[in-house]
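This briefing covers the fold, a charged surface patch and a few individual residues. Please look at the structure below before reading on.

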Amino acid sequence: MTKTTASQAHIREYLGTPSDLDAKKLHAVTAGLADVLADVFALYIKTKNFHWHMSGRHFRDYHLLLDEQSQELFAMTDPLAERARKVGGTTLHSIGEISRKTVIADNDAEYVTPEDMLAELREDNQTLVRRLRAVHDLCDEAHDVATASLIENWIDEGERRTWFLFESTRPAFGKND
């Protein structure tokens with residue numbers, strides 16, 4: 001027995017949760033949930049970073065908007081991780097694993113304009129929604145309706161965040177550039 005096989009057997013024995021759903025299909029779902037969870041953590045930190053470093057004439061509105069959005073993102077973390085565990089999988093273990101799995105680009109620039117912050121977060125939220133849709137497809141294949149239901153709500157929340165960020169970055173009233 002290889003080390004990987006022994007490790008997987010140990011995980012099944014001590015962390016496995018029984019499910020009537022197909023184990024291989026659920027593995028794909030839980031792997032997808034871990035990827036999404038990494039994106040959510042990365043986007044949460046990025047949103048808080050921009051919240052803390054916001055400036056300019058719309059400071060109060062943008063500061064409050066990003067605080068609201070970061071709270072919404074953080075609220076996703078525990079249900080995401082616990083859903084993976086409920087169906088017999090595992091979830092993230094470390095900051096290093098988050099950095100390896102996320103597709104959300106980091107931004108540690110000393111200064112970012114408010115407009116660029118909002119535009120970058122808009123794109124990042126769209127990326128998160130795409131990843132959520134991909135995991136939703138895996139849920140459909142696995143007949144995992146409970147996870148799919150949670151994801152549908154998170155997609156709606158992500159679309160709302162994207163919408164608010166889009167409206168906040170319009171260059172002129174009514175213009176759709």
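Asp 140 counts as partly exposed because its relative accessibility is 43%, which falls between the 20% limit for buried and the 50% limit for exposed. The model is a predicted one. Asp 140 belongs to helix α5 and is one of the residues that form a negative surface patch.

**Overall fold**

- The chain has six helices and zero strands.
- Read from the N terminus, the order of elements is α-α-α-α-α-α.
- The chain is 177 residues long, and 38% of these residues count as buried.

**Negative surface patch**

- The patch is made up of Asp 137, Asp 140, Glu 141 and Glu 152.
- Helix α5, which spans residues 114-142, makes the largest contribution to the patch, with three residues.
- Glu 152 is located in helix α6, which covers residues 145-168.
- Glu 152 has a relative accessibility of 44% and therefore counts as partly exposed.
- Patch members need over 30% relative accessible area; Asp 140 has 43%, and Glu 152 has 44%.

- Asp 140 and Val 29 are separated by 111 residues in sequence, while their C-alpha atoms are 9.6 Å apart in space.
- Gln 126 is another residue placed in helix α5.
- With a relative accessible area of 31%, Gln 126 is classed as partly exposed.
- Between Gln 126 and Thr 162 there are 36 residues of sequence separation, and the C-alpha to C-alpha distance is 6.5 Å.

**Thr 77 in helix α3**

- Thr 77 sits in helix α3, which runs over residues 59-86.
- Is Thr 77 buried or exposed? Thr 77 is buried, because its relative accessible area is 7% and the limit for buried is under 20%.
- A polar atom of the Thr 77 side chain lies 2.8 Å from the backbone oxygen of Phe 74.
- This distance is within the 3.5 Å cut-off for a polar contact.

How values were computed:
Residues numbered from 1 in each chain as written. Predicted model: local features only at pLDDT ≥ 70, side-chain atom pairs only at ≥ 80, totals over all residues. Heavy atoms only, no water. Patch = residues over 30% accessible without salt bridge, like charges linked within 9 Å, V, L, I, M, F, W, Y side chains within 5 Å. Areas by Shrake-Rupley, 256 points an atom, 1.4 Å probe, with all protein chains shown as cover. Salt bridge = Lys/Arg side-chain N within 4 Å of Asp/Glu carboxyl O. Lys, Arg positive; Asp, Glu negative; His and termini not counted. Charge placed at Lys NZ, Arg CZ, Asp CG, Glu CD. Helix = DSSP H or I, 4+ residues; strand = E, 2+ residues; numbered from the N terminus. Buried < 20%, exposed > 50% of the residue type's maximum accessible area, 1.4 Å probe, protein only. Polar contact = N/O pair within 3.5 Å; in protein donor to acceptor, adjacent residues only side chain to side chain.
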